Amino acid sequence: MRGIDGRKSCIELVLVLAVLSTACAIPVGAGTTAHPFFETTVSVLTPDSDQILPAVFENGIVSIDLRNGQPELVHFNFFTGYEEIINGPFPVCDYYPPSACGDRVIWESPDGTRTSIVLYNVSSGERTVLVNVTHAEGSYPVIRGNMVAFSDYSGMDLDIHVIDLGSGETFVLENGTETTNDLAPDIGRDCIIWQGFDRTRDDSDIYLWRKGSADIVDLTPDTPGILQESPRTDGNLIVWQGYDSHNSTYDVYLHNLTSGVTIILTPGTPFTDEMNPDISEKSIVWQQLNTTTFKNEIVLYSIDTGEIVTVSDENIGDQYSPSIFGERVAWSEQDPLSGKFDIKMATQGILAIPLNPSFDANVTKGSVPLPVQFQDHSMGDPTCWWWDFGDGNHSHEQNPLHVYTCQGTYPVTLIVNTPYQREGLRVENMVVAGSPPVADFKGDPVEGCGPLTVTFTDMSGSSPLEWLWEFGDGTTSTEQNPVYTYVSPGLYNVTLTTGNEFGLGKVEKKGFIAVMKGSTWNITFPSDGIHIKQEGGLQSVTLNATVLGGTLTENGTCYVFSPVPDHQLSLIGIHSLPGLGFDPVAPDALEGDVGYIDAESLEFRDQSHATNWTLSFCLHLDTYPDDGGVILTVWPGATPGDLRKFREAAMRGDFHDPDGIINVYSDVVGVALTARFRCENITGSHPATLLIGIDHAWVEHHGWRRPIQVTSNIEGAKIYVDGELLGYTPMFLPPTLSAGNHTVAIAEDGYPDAVQEISLEDKRDSIRVIRLADEGDGTVLAATFLSNDPITNIDYFRVESPDGLSTLGIVSTSRAGNPLQVLYLTLSKIISSSSGGHGSPGGTSGSYGGSGSLQSSAQVPTPAPTITLQAPDVSRMAPASLSSGLPEKPESVNAPAETPKVEANPPENPLVGLPSAVSLLLIRNLAIIFGIMLVCAILVLRLQRRV
C-alpha cells in the first residue's frame with residue numbers, strides 16, 4: 001500500500017471518506033469498555049506544516065516532515081527527547097512510510113529517475129545505500145532485525161527481494177509468483193509476507209514464505225473479487241485489509257499461522273472502510289469511520305478479549321495511518337481548521353500528569369555579547385528539555401545559560417517531554433540583543449560642479465533610531481536619508497552620528513564631497529525643420545530648407561546647416577547613405593536616408609578667468625538624435641576620485657600604441673581641467689574629435705620632460721648652460737629651460753672645461769587626454785600639438801576619442817624607460833629630495849615626475865687624452881645625467897678654493913596633498929627587477945651544470 005492506501009493518496013482518501021460519511025455507517029465496538037490511553041502530540045509547534053506516515057518502534061517514532069517545504073525524515077526518541085532530521089542528502093519518498101527496528105531506520109529515496117533504499121544507523125549516524133530499485137512501482141522497504149525486504153522488478157514482474165544484513169546474502173522470492181506483481185512486504189519471526197496482485201485475475205492475495213523453505217504459499221486462495229492488501233505480521237499472526245469489490249468497502253482480516261484459520265474482524269460493516277491495519281503482540285490497530293462524529297478514528301482490537309476501543313478520546317480531526325509497537329500507538333491527525341497534519345501518540349495503560357511548559361530569563365534585552373540565564377518552570381515532571389534560542393543554537397540542559405553574540409530579536413522555544421508525552425512553548429521576540437549603531441553612509445554623487453545636490457543614504461548597522469548629519473559647511477540634518485545641495489566649491493568632511501537604545505555610533509569621512517568651480521553648457525540638437533522617420537534599421541529625414549537655412553554639399557549627399565547659437569552647435573552635417581543623396585520633395589523640402597551625422601560644437605572657453613583654456617568637439621553619430629543632446633561640465637583640475645582613476649590609467653598606459661608614444665610606466669604630473677560629458681538620448685559609443693586649448697604657462701609649469709642630471713668627477717664644478725652659470729655639480733638641469741638645443745659646460749679652476757651639446761624635449765609632448773568610461777575604466781589618448789596662439793598664448797591640441805565622449809581629463813604625464821632606470825630614478829629622487837643636494841636656485845624636479853641620469857661626457861679641449869660621446873636623443877631615452885670626467889689636476893696647479901654650494905629649492909609639485917602613485921610604481925618595478933635577477937641566476941646555474 002502506498003501511503004494511506006495503495007490506490008488513493010492522502011487527499012483522495014479524505015474526499016472518499018467525506019462521501020462515505022453521508023452514507024449509512026454503523027459503529028464498531030459500541031458498548032465496549034474503553035482501554036485507558038494517555039495521548040500526546042509528538043510534532044509540537046508545527047501549526048503550518050504537515051507531519052505524516054509515522055512508524056513507532058523500540059526507540060521512538062520516525063515520520064515524514066514537511067516543515068521545510070520538502071519531505072524530510074524525522075526521528076524522535078521519547079526516552080532522551082532528541083529530535084533530528086536523519087535523511088541527510090538523501091531525499092525522502094512521501095507516499096511510502098519509513099520502517100524502523102532497533103537502531104536502524106530504512107526508507108525509499110527517490111532522486112529523479114533513480115530510486116534507492118537507504119539505511120540509517122541511529123547510534124553511529126551512518127547512512128548506507130543498500131540497493132538501487134530498478135522499477136518505479138517497486139520498493140515498500142521494511143526492516144526487522146537483520147532482514148530487509150522490498151519490492152523490485154525481476155525479469156517479467158515485481159518480486160520480493162531480501163537482504164540479510166548480517167551475512168550480506170541477497171535473494172529473490174519468485175518461485176510460484178510468475179503471474180503476480182508482489183509488493184508491500186512485511187517480515188515476521190521466521191517468515192516474510194506480502195501482497196501479490198494477479199494480473200490474469202485482476203485481484204490480489206496474501207503470500208507467505210518461511211525461512212528455509214523453497215515454497216511460497218497463497219494464504220487467501222479462492223477469494224475472487226476480494227483484493228487482499230497491506231499485510232502486517234507479528235508472531236504467528238497476520239493482519240491485512242481486504243477490499244470487497246461488491247460492496248466497495250474495506251474490512252480487516254486476521255490469520256493465525258498456527259491454526260491456519262482466517263477470520264474477519266469487522267463483520268457487518270458493508271458501508272464503511274476499515275483500513276491500514278497494524279499489529280504488535282496481542283493488539284491490532286486500524287482506522288475507521290466513526291458514525292457519530294463522521295470522522296476517521298484509530299481503534300484498537302484486543303486479540304485476547306475481542307474488544308474494540310477508540311484510541312483517542314479527543315477525536316478532534318480525521319486520523320490516518322496508525323502504527324503500533326507494544327503499548328504505544330502513533331498516527332497522523334488532521335487539524336480541521338488548518339488542514340495540516342500532526343503526529344499523535346497514545347500509550348496504553350498509562351496515567352500521567354499533563355505537561356505544561358513554562359520558563360523565564362534573568363534578562364531579555366541588552367548589548368551583545370548578551371548572556372541570558374534561562375529558568376525552567378514546567379509542570380508535569382518533565383524528564384527531557386530541548387531549547388531553541390532562536391539564533392541557531394540549542395541546549396538539552398534544564399536551565400541553560402546562553403550568550404547571544406549577534407544583534408537581533410530572537411524567539412525562544414522550550415520543548416519538554418517524558419517517555420509518554422511531549423509539549424512545547426514558543427515565545428516570540430523574547431530576547432532583544434543589540435549594540436550601538438555602526439555608523440556608515442554613502443552619497444550620490446560625491447563629486448561634481450557646484451551647485452552639487454547630494455543624496456545621502458544611511459547604511460548604518462544595528463538598527464539606529466536617530467541620526468545627526470554634519471555636512472561640513474556648518475549645516476546639519478536629523479533625517480535618515482537627507483538630500484543636501486552644496487553651493488560653494490571645496491572639499492567637505494561629512495559626519496554621521498547615529499543612536500539607538502544601546503548607545504551612539506559615529507563616522508567621519510574626510511574630503512567625502514568634492515565640489516568644483518566650473519561651467520556647464522547644454523548642447524542640444526535642433527528639431528525644428530527636421531522630421532525623422534524610423535523604419536526597421538533605417539532612418540530617413542525630411543529637411544525644411546527654409547527653417548534650417550542650410551546647403552547641399554558633396555554632390556548633394558550632405559546637408560550642412562548652422563543651428564541657432566542657443567543649441568551650442570556651430571555646424572551639423574547630415575550625410576546620406578552612400579550614393580543616394582537627398583531628393584527634393586517640395587520647393588523648400590529635402591528627403592533622404594541618413595548615413596551618418598557630424599556635429600561640431602561651438603568653442604567653449606573658461607568663464608571664471610582663473611585659467612585660460614578652450615574646448616570644442618566634433619561628434620560622429622550613426623543617426624540623427626531625436627531630442628538628443630550633450631551636457632558638458634568643465635572645471636579646472638580634478639576631483640580626488642577622478643585623479644585616482646587618471647593615475648591608474650596613466651600607469652597602465654596604452655599597450656596598443658603602435659609608436660610607443662605613451663609608455664607603460666607613467667604617472668600624472670598635473671591636470672589642467674576635467675571635462676565631463678553626459679549624453680542624453682544618444683546611445684552607444686560614437687567617435688569624437690576634440691580641439692583643446694591650454695594656457696602655455698600651465699604647460700610650461702606642469703608639463704614634463706625627462707630630467708637630466710649633470711655630474712663630474714670633481715664635486716662642486718661650475719655648470720654653465722648657454723654661457724650662464726646655473727649651479728654646481730651634481731645638479732639637475734632646471735625645468736624652466738626652453739625646449740631645443742643647449743650648450744652645457746663644466747668648469748673648475750685648474751681643469752680644462754668640458755662642453756656638451758644637449759637637446760631638451762618640448763613639454764607639450766607630455767600632454768595627454770585620459771578618458772574614463774562610465775564603468776570607471778580609463779584609456780590614455782594621444783594629444784597632437786597643433787599650434788600656439790601668440791595673442792592668447794594658448795597651445796592647441798587635437799585628440800581623437802574612438803569610444804566617444806565621457807569624462808575626459810587633460811593631463812600632463814611623466815614617462816619612464818626600462819625597469820632598472822625607473823628604479824634608479826625613483827631612488828635617486830627620494831634620496832635627493834630628502835638630502836637637498838646641490839643645484840640651481842630654480843629647483844630640481846618639480847615638473848619632471850621623476851629623476852635620473854643620462855650617461856654622457858663632453859669633449860675636453862686639452863692636450864690630455866679626451867673622450868668624445870654623442871649626445872643621446874632624449875626624446876626616446878630614459879632620464880639620465882650629463883656626466884663629464886675632468887682630467888686630473890696637474891701637480892703644478894694649486895687646488896682651487898672651496899666653491900660655495902647652492903642648495904636646491906624644494907620641488908614644485910602641482911599634486912601636493914593628493915594621492916600619489918610613487919609607491920605603487922616602485923613596488924611594481926622592484927618586482928620586475930627581482931624577476932630579471934632570478935631569471936639570470938637560473939641561467940647561470942644551468943650553464944655551470946653543463947660545464
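Where in the chain does P445 lie? P445 sits in the loop between strand 37 (441-444) and strand 38 (447-449). Strands here are DSSP runs of E, at least two residues long, numbered from the N terminus. Before I go on, the ground rules: this is a predicted model, where local features need pLDDT of at least 70 and side-chain atom pairs count only at pLDDT 80 or more, while totals for chains, interfaces and linings use all residues. Residues are numbered from 1 along each chain as its sequence is written, and side-chain values use heavy atoms, with hydrogens and water left out.

Okay, back to that proline. The peptide bond joining D444 and P445 is cis, with omega about -5°. There's another cis bond, from V368 to P369, with omega near -5°. P369 is in the loop between strand 30 (365-367) and strand 31 (370-376).

Why point these out? Most peptide bonds are trans, and most residues other than glycine have a negative phi.

Y140, in strand 10 (residues 139-144), has a positive phi near 55°. Y140 is also buried, with a relative accessible area of 9%. Buried means under 20% relative accessible area, exposed is over 50%, and partly exposed is in between, using a 1.4 Å probe and protein chains only. S462 has a positive phi too, near 65°. S462 is in the loop between strand 39 (452-458) and strand 40 (466-470), and at 8% relative accessibility S462 is buried.

Now, strand pairing. Two strands pair if DSSP finds at least two bridges between them.

Strand 59 is antiparallel to strand 62 (residues 740-747) over 4 bridges, and K718 stands opposite A747. Strand 59 also pairs with strand 60 (residues 724-728), again antiparallel and with 4 bridges. There V721 faces E724. Strands 59 and 60 form a hairpin with 2 residues between them, and D722 in the turn has a positive phi of about 55°.

Next, the core. How many residues does the largest nonpolar core have? It has 47, and I574 and F677 have the most contacts inside it. By nonpolar core I mean buried Ala, Val, Leu, Ile, Met, Phe, Trp, Tyr and Cys residues joined through side-chain atoms within 4.5 Å. Strand 54 (residues 613-621) gives the largest share of this core, 5 residues. If you click on I574 and skip its neighbours within four places in sequence, you'll find contacts including V541, L543, F561, F582 and Y624. Contact means heavy atoms within 4.5 Å.

Strand 54 also holds T614, which is buried at 0% relative accessible area. The T614 side chain makes a polar contact of 3.3 Å with the side chain of E603. A polar contact is a pair of N or O atoms within 3.5 Å; within protein, one must be able to donate a hydrogen and the other to accept it, and residues adjacent in sequence count only if both atoms are side-chain atoms. Beyond residues up to four places away in sequence, T614 touches L691, I692 and Y796, among others.

Last topic: rings. Phe, Tyr and Trp rings (the six-membered one for Trp) pair if their centres lie within 6.5 Å; planes under 30 degrees apart are stacked, over 60 edge-to-face, and the rest tilted. The count comes to 29 aromatic pairs. One of them is F171 with W209, tilted, 5.5 Å centre to centre and 50° between the planes. F171 is in strand 13 (residues 170-173) and W209 in strand 16 (residues 203-210), so this pair ties together parts 38 residues apart in sequence. F617 and F677 are edge-to-face, 5.5 Å centre to centre with 85° between the planes. F617 is in strand 54 and F677 in strand 56 (residues 666-680), 60 residues apart, and both are buried.

F441 belongs to an aromatic cluster whose members include F456, W469 and F512. K509 lies over the face of F441, 4.5 Å from the ring centre. That label needs NZ of Lys or CZ of Arg within 6 Å of the ring centre and within 35 degrees of the ring normal.
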